[in-house]
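Me: I have a structure open and would like to go through it step by step. Can we start with the surface and then work inwards?

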Amino acid sequence: MAGVVSRLRALVPQRPLARWEALRVAELQATHLLKLCEMTGPPVPETLVSSLPRLTVERLTPIPVSASAHWARGRWVIVLNGAEPKTRQRMSLLHEFKHVLDNPFIDYLYRSTGRMSAAGQAEQVCDYFAACVLMPRAWVKRAWGSGIQDFRELAQLFHVSEGAMAIRLLGLGLVCTRRVRQRIG
């Protein structure tokens, strides 16, 4: 697992990115992470991140946020809110891991626009990265194509919340907004 972080960081162009480019890079990083770790199907284990060198995952309760990441004593520490559901903790872990990946580029990777702040863009891209790791496009489409089209069943297969799965299905064009609203209200 050594070198995973540097390999994923190497996929980032050394220039400011448009929002669509940042999302594309996030999905590319997610796909490479799964390939490097030889993952071929759901669910993705937490150890994908927690076993990386110079990275520690801690669960604390209560904390006022879902998660955070910081550099301390020569390693990254990702702190998760242990009071939240496991599915939320999994998303938060991958979201914070993307912040770790982006750290060297944060000064130029995301730029404020008239529509969104740089911080807001970073949060969106980190959410997208987490979804791409836990619910990879090809895996979701394969499950959908094999007949698993119930939100709850898909969420259980991928170990994510129904809401996260609904958003991913919408993003992949497999369901319409009306169906998502009916399902998660």
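This is a predicted model: local features need pLDDT of at least 70, side-chain atom pairs count only at pLDDT 80 or more; totals for chains, interfaces and linings use all residues.

Me: Ok, the fold. How many helices and strands?
Reply: Ten helices and three strands. Reading from the N terminus, the order is α-α-α-β-β-β-α-α-α-α-α-α-α. The radius of gyration is 16 Å, close to the 16 Å that the globule rule gives for 185 residues, so the protein chain is as compact as a globular protein of that length.

Me: What share of the residues is buried?
Reply: 42% of the 185 residues count as buried.

Me: Which residues have the most contacts inside the largest nonpolar core?
Reply: That core has 58 residues, and those with the most contacts inside it are L33, F97, F129, V133, M135 and F158. Helix 6, residues 118-134, gives the largest share of this core, with eight residues.

Me: Take L33. What is it in contact with?
Reply: Setting aside neighbours within four places in sequence, L33 is in contact with V4, L8, L48, F97, F129 and V133.

Me: And L34, buried or exposed?
Reply: L34 has a relative accessible area of 5%, and the cut-off for buried is under 20%, so L34 is buried. It is found in helix 2, residues 19-36. Not counting residues up to four places away in sequence, L34 touches M39, V44, L48, C132, V133, P136 and W139.

Me: New topic: the backbone. Which residues does a cis peptide bond join, with omega about -5 degrees?
Reply: P42 and P43. P43 sits in the loop between helix 2 and helix 3. The peptide bond from T61 to P62 is also cis, with omega near -15 degrees. P62 is in the loop between strand 1 and strand 2.

Me: Why mention those at all?
Reply: Because most peptide bonds are trans. Most residues other than glycine also have a negative phi.

Me: So where is E38, and what is its phi?
Reply: E38 is in the loop between helix 2 and helix 3. Its phi is near 55 degrees, a positive value in a residue other than glycine. E38 counts as exposed, at 69% relative accessibility.

Me: And H159, what about its phi?
Reply: H159 has a positive phi of about 55 degrees and is not a glycine. H159 lies in the loop between helix 8 and helix 9, and counts as partly exposed at 39% relative accessibility.

Definitions and conventions: Residues are numbered from 1 along each chain as its sequence is written. Side-chain values use heavy atoms; hydrogens and water are left out. Helices (H or I, at least four residues) and strands (E, at least two) are DSSP runs, numbered from the N terminus. The radius of gyration is taken over C-alpha atoms; the globule rule is 2.2 Å times the number of residues to the power 0.38. Buried means under 20% relative accessible area, exposed over 50%, partly exposed in between (1.4 Å probe, protein chains only). A nonpolar core is a set of buried Ala, Val, Leu, Ile, Met, Phe, Trp, Tyr and Cys residues joined through side-chain atoms within 4.5 Å. Contact means heavy atoms within 4.5 Å.
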